[in-house]
Amino acid sequence: MNYTAVIAEDEPILRAQLKAKLARMWPELNVVADVGDGEAALEAIDEHRPQLAFLDIQMPEMTGVEVAKSLAANRDLRCHVVFVTAFDQYAVQAFEANAVDYVLKPYSDERLQAAVARLKERLSVVPAPTQDLDTLVARLSAKLNPAGERLKWIKASVGTQLRLIPIDDVLFFQSDEKYTLVATRDLDTLIRTPIKEILDGLDGNKFWQIHRSTIVNATAVDVVTRDFRGQACVKIKGRPENLVVSRPFSHLFKQM
């Protein structure tokens with residue numbers, strides 16, 4: 001049987017190297033997509049429904065661990081996961097999370113061949129829900145944010161004044177190429193902080209990323225609507241905007 005795979009690795013040279021090595025070691029495997037960030041990985045997996053996913057642990061937009069967590073929450077998208085990492089301290093946690101394997105960068109032929117053999121053994125088994133990813137997410141967040149502190153305030157320039165906006169007052173964040181909009185009930189202001197950097201400092205139980213460029217305060221969500229295509233949009237209490245939910249994050253509102 002020919003199997004399909006998605007590769008997610010943010011370094012183009014290493015991504016091409018992994019794809020080339022897999023083609024040589026496992027010519028029957030069809031790599032249907034190779035992408036450079038976590039959200040693109042979820043979109044590719046949603047589109048192609050592969051049996052395998054090679055996920056770099058540290059990527060823009062979403063980490064590989066966060067991607068795996070989203071897959072675990074959506075039964076239709078579950079596939080066998082191999083974590084790719086430059087940090088061997090994640091190896092034990094990767095297995096605790098029920099990943100099929102992990103591969104250290106740079107990819108050695110011997111180690112990758114062992115991962116391929118392990119995958120071939122597991123492919124006859126239905127992928128199980130990935131377990132204990134919260135611990136791995138927390139450890140990764142601690143590495144990316146060594147202080148381990150949650151954001152309490154957003155610093156924003158309003159005219160000639162510097163405003164400190166309590167994080168609990170923020171209804172949603174929405175970014176474009178240069179700026180991030182901070183929306184509250186009383187004030188909209190623009191900051192230069194990238195949305196990914198903001199996300200790393202937020203409580204994931206309260207602030208939900210619903211799109212590559214949008215994070216919402218879950219306590220401020222009024223209604224979630226769907227159009228005839230199934231496209232979900234979020235309406236925030238007291239705000240006129242309809243915030244689009246992209247497909248990789250639609251599972252957040254699956255029961256709504």
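This is a predicted model: local features need pLDDT of at least 70, side-chain atom pairs count only at pLDDT 80 or more; totals for chains, interfaces and linings use all residues.
Student: Why is Cys79 called buried?
Tutor: Its relative accessibility is 7%. Buried means under 20%. Cys79 therefore counts as buried.

Student: What makes Cys233 buried or exposed?
Tutor: The relative accessible area of Cys233 is 17%. The cut-off is under 20%, so Cys233 is buried.

Student: Why is helix 3 described as largely enclosed?
Tutor: Helix 3 covers residues 64–73, and seven of its 10 residues are buried. The helix is therefore largely enclosed by the rest of the structure.

Student: Which residues of helix 3 are buried?
Tutor: They are Gly64, Val65, Val67, Ala68, Ser70, Leu71 and Ala72.

Student: Where is Asn74, and why is it called buried?
Tutor: Asn74 sits in the loop between helix 3 and strand 4. Its relative accessibility is 12%. That value is set against a limit of under 20%, so Asn74 counts as buried.

Student: What is Asn74 in contact with?
Tutor: Leaving aside neighbours within four places in sequence, Asn74 contacts His251 and Lys254. Contact here means heavy atoms within 4.5 Å.

Student: What makes a set of residues a nonpolar core?
Tutor: The residues are buried, of nonpolar kinds such as Leu, Val and Phe, and joined through side-chain atoms within 4.5 Å. The largest such core here has 38 residues. Those with the most contacts inside it are Leu55, Leu71, Phe83, Phe172, Val234 and Ile236.

Student: Which elements give two or more residues to this core?
Tutor: Among them are strand 1 (4–8), strand 3 (52–56), helix 3 and strand 14 (232–236). Helix 2 gives the largest share, five residues.

Student: What does Leu55 touch?
Tutor: Setting aside neighbours within four places in sequence, its contacts include Ala8, Ala41, Gly64, Val67, Ala68 and Phe83.

Student: What other core lies apart from the largest one?
Tutor: Another core has 21 residues, including Leu14, Leu29, Leu52 and Ala115.

Student: Why are Phe173 and Phe207 called a tilted pair?
Tutor: Take the distance, then the angle. Their ring centres are 6.2 Å apart, and the limit for a pair is within 6.5 Å. Their planes make an angle of 50°. Under 30 degrees would be stacked and over 60 edge-to-face, so the rest count as tilted. The search of the whole structure finds one aromatic pair.

Student: What does this pair tie together?
Tutor: Phe173 lies in strand 8 (residues 172–175) and Phe207 in strand 11, so the pair ties together parts 34 residues apart in sequence.

Student: Why is Val126 called exposed?
Tutor: Its relative accessible area is 69%. Exposed means over 50%, so Val126 is exposed. Val126 is in the loop between helix 5 (109–122) and helix 6 (133–144).

Student: How far is Val126 from Gln51?
Tutor: Their C-alpha atoms are separated by 9.4 Å. Along the chain, the two residues are 75 residues apart.

Technical notes
Residues are numbered from 1 along each chain as its sequence is written. Side-chain values use heavy atoms; hydrogens and water are left out. Buried means under 20% relative accessible area, exposed over 50%, partly exposed in between (1.4 Å probe, protein chains only). Helices (H or I, at least four residues) and strands (E, at least two) are DSSP runs, numbered from the N terminus. Rings of Phe, Tyr and Trp (its six-membered ring) pair if their centres lie within 6.5 Å; planes under 30 degrees apart count as stacked, over 60 as edge-to-face and the rest as tilted.
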